[in-house]
Amino acid sequence: MRYAVLSDIHSNLEALTAVLDALASERIDRYLCLGDAIGYGADPSACLERLQACEAVAVSGNHELGCLGTLDLDWFHEAAKAAILWTRDHLSFTELNLLRRWPLKTAEGPCTLVHATLRHPERFEYLIDAGQAVETLAWCQTPFCLAGHTHLPCVVEYDRASRQLVRVITQPQELADVTLTGHSARRVLVNPGSIGQPRDGDPRASVAVIDEEARRVSIHRVAYDVTAAQQKIRQAGLPGLLADRLAVGR
Ligand code: ZN
């Protein structure tokens, strides 16, 4: 099976469309979405429609819960809060009900999906250091743990038997094509980066493809029409910095 891992789309339809177009030649069997499909950008409904069209298996991020009123908005910075309130006003009852059905974590084939960390998915902690990666992988019952939230792509290999980190890969050139070591006790954390608001200095959309049989993970970067996405954000009256940051990927 080949899985496409989409995360942190953040209502950026231009970025999502470019990614789905790029994946059309990739023989994808299943689409997985790690949450924060909405918030920040100007096209929440259209993004949800695209996810439904590709029958994506999805988990909830902090922006979904903020929008549903189940996560306190004080948790968010001002621009995020403004975007969540805007998004809430622009989603239909049916769309909000769709988001209500997204769990905090789920499993699909060899993959466990979560927005942030596996031990406390409801806390939306930022998984940024090796210790947190080890903790999440120790909790993972499937070969792959897929997590987003940081908007920073990485692949981490962990050996359960020895409780040792095998590899932490964050360099873009290496992430483009990772061949996993074929040990059955290994657990692999994949953060695909963000489609709609990359924060690693590369403004292109980021998406992961996992080939289960070939034991390969590739993180692709896809250029999209940043200017169009920025214009929509400004026209919608959303905070200007949400448009500005798309140009620099920070
Ligand atoms: Zn996010």
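Predicted model: local features only at pLDDT ≥ 70, side-chain atom pairs only at ≥ 80, totals over all residues.
Residues are numbered from 1 along each chain as its sequence is written, and side-chain values use heavy atoms, with hydrogens and water left out.

**Zinc site**

The zinc ion has as its protein donors D8 (OD), H10 (NE2), D36 (OD) and H151 (NE2), which lie 2.1 to 2.5 Å from the ion; donors are N, O and S atoms within 2.8 Å of the metal (3.2 Å for Na, K and Ca), and since water is not among the atoms, sites may look incomplete. Along the chain these donors follow the spacing D-x1-H-x25-D-x114-H. D8, in the loop between β1 (2-6) and α1 (13-23), and D36, in the loop between β2 (30-33) and α2 (44-53), are 28 residues apart and link distant parts of the chain; helices (H or I, at least four residues) and strands (E, at least two) are DSSP runs, numbered from the N terminus.

The angles among the four donor atoms run from 86 to 172 degrees, and the site is irregular. Four donors count as tetrahedral if all angles lie between 85 and 135 degrees; four count as square planar and six as octahedral if opposite donors are over 155 degrees apart and all others between 65 and 115; anything else is irregular. D8 is buried, at 0% relative accessible area, and D36 is buried as well, at 2%, where buried means under 20% relative accessible area, exposed over 50%, and partly exposed in between (1.4 Å probe, protein chains only).

**Pocket and cavities**

On a 1 Å grid over the protein atoms alone, a cavity is a set of points where a 1.4 Å probe fits but cannot get out, and a pocket is an open set with protein on both sides within 12 Å along at least five of seven lines; lining residues have an atom within 4 Å of a point. Grid points are joined across faces, edges and corners, and a volume is the space filled by probe spheres set on the points.

| Space | Volume | Lining by class |
|---|---|---|
| Largest pocket | about 260 Å³ | twelve nonpolar, three polar, two charged |
| Largest cavity | about 70 Å³ | seven nonpolar, six polar, three charged |
| Second largest cavity | about 30 Å³ | four nonpolar, one polar, no charged |

Here Ala, Val, Leu, Ile, Met, Phe, Trp, Tyr, Cys and Pro count as nonpolar, Asp, Glu, Lys and Arg as charged, and the others, Gly among them, as polar. Of the 16 residues that line the largest cavity, H10, N12, G41, I233 and L246 are the closest to its centre, and α8 (226-235) gives the most to this lining, with three residues. The second largest cavity is lined by L127, A147, C154, L189 and N191.

**Aromatic pairs**

Rings of Phe, Tyr and Trp (its six-membered ring) pair if their centres lie within 6.5 Å; planes under 30 degrees apart count as stacked, over 60 as edge-to-face and the rest as tilted. There are two aromatic pairs by this rule. The rings of W75 and F76 have centres 5.1 Å apart and planes at 65 degrees, so this pair is edge-to-face. The rings of W75 and F124, with centres 6.2 Å apart and planes at 75 degrees, are also edge-to-face. W75, F76 and F124 form one aromatic cluster, in which W75 is partly exposed at 35% relative accessible area, whereas F76 is buried at 6% and F124 is buried at 2%.
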